[in-house]
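Good morning, colleagues. Please look at the model on the screen while I go through selected features of it.

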Amino acid sequence: MNKSWIYVILTCLFELIWVFGFNTAETWWQWGLVIVFILFDFYTLPKACDTIPTGTVYAIFAGVGTIGTALMDVFLFDGNFSVEKVLFMTLLIAGIIGLKLADNKVIDKNMEGTF
Amino acid sequence: MGWLFVCLAAVSEMVGVIGLKLYSQNKTVRNGAIYIGGLGAAFACLYASFNYLQVSVAYSVWIGMGTAGAVLVNMIFFGESKNIARIVSLVAIIIGVTGLKSLS
């Protein structure tokens, strides 16, 4: 796997941690941790853009953040699940997978040109 | 007034994403400031819009406009791939994000 994809995963993971912290932090050290994770997040986001198109990285970043907060809402904060929510989540996940496959194709094509 | 803040937030987000692109190519203080400043301003404007609009409505419109704008800016100004599979996937993500946010 391309090393930048590891940064995409990390940046999404940090995003979910700080969003969770944002909803639950109460004491000063908890808010401190939220800030630390935001800093990690802003550090890994440009790293992910090194070899993956920025538009792709950003759309995935927004998509994973949205799915994550929706799931947190349902499982941790007693939100309700609905057919529409599942439908939009499925569409989102299909889009993220499609984007990964589409960009792989472009990279393969570029590689062909170099040989 | 609320919609003005939402629009400002979406524009700031695009500025932030341009900064993200520039900063990932060339790690200068100026590019870092555009990146962090743009995204920071986006959150501040979005937060301000919550005073006038319902959170889920403001959030879903902002994230839809911002994500679509971020992708378009990169396609138009930074020559990112415009192949059909990529565009279809991005549209799916934007609809999914906007729809999901409007429900929560």
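**A salt bridge, the interface and a pocket**

I begin with one pair of side chains: B:Lys21 and B:Glu80 form a salt bridge, with 3.4 Å from N to O. The two partners belong to distant parts of the chain, 59 residues apart, with B:Lys21 in helix H1 of chain B and B:Glu80 in the loop between H3 and H4 of chain B. Over all chains, the count of salt bridges by this rule is 2. Please bear in mind that we are looking at a predicted model.

Let me turn to the interface. How many salt bridges does the rule find across the interface of chain B and chain A? The number there is 0. Polar contacts do occur between chain B and chain A, in 7 residue pairs, with both residues at pLDDT 80 or more.

My last topic is the largest pocket, which holds about 980 Å³ of space. Its lining numbers 35 residues, and those nearest the centre are A:Trp18, A:Val19, B:Phe43, B:Tyr59 and B:Lys101.

Where does the lining come from? Helix H1 (3-24), helix H2 (28-48) and helix H3 (54-75) of chain A each supply at least two residues, as do H2, H3 and H4 of chain B. H3(A) provides the largest share, 9 residues. Sorted by class, the lining of this pocket comprises 23 nonpolar, 7 polar and 5 charged residues.

Thank you for your attention.

Definitions and conventions. Residues numbered from 1 in each chain as written. Chains lettered and ligands numbered in written order. Predicted model: local features only at pLDDT ≥ 70, side-chain atom pairs only at ≥ 80, totals over all residues. Heavy atoms only, no water. Salt bridge = Lys/Arg side-chain N within 4 Å of Asp/Glu carboxyl O. Polar contact = N/O pair within 3.5 Å; in protein donor to acceptor, adjacent residues only side chain to side chain. 1 Å grid on protein atoms, 1.4 Å probe; cavity = no way out; pocket = protein on both sides within 12 Å on 5 of 7 lines; lining within 4 Å. Points joined across faces, edges and corners; volume = space filled by probe spheres on them. Helix = DSSP H or I, 4+ residues; strand = E, 2+ residues; numbered from the N terminus. Nonpolar A, V, L, I, M, F, W, Y, C, P; charged D, E, K, R; others polar.
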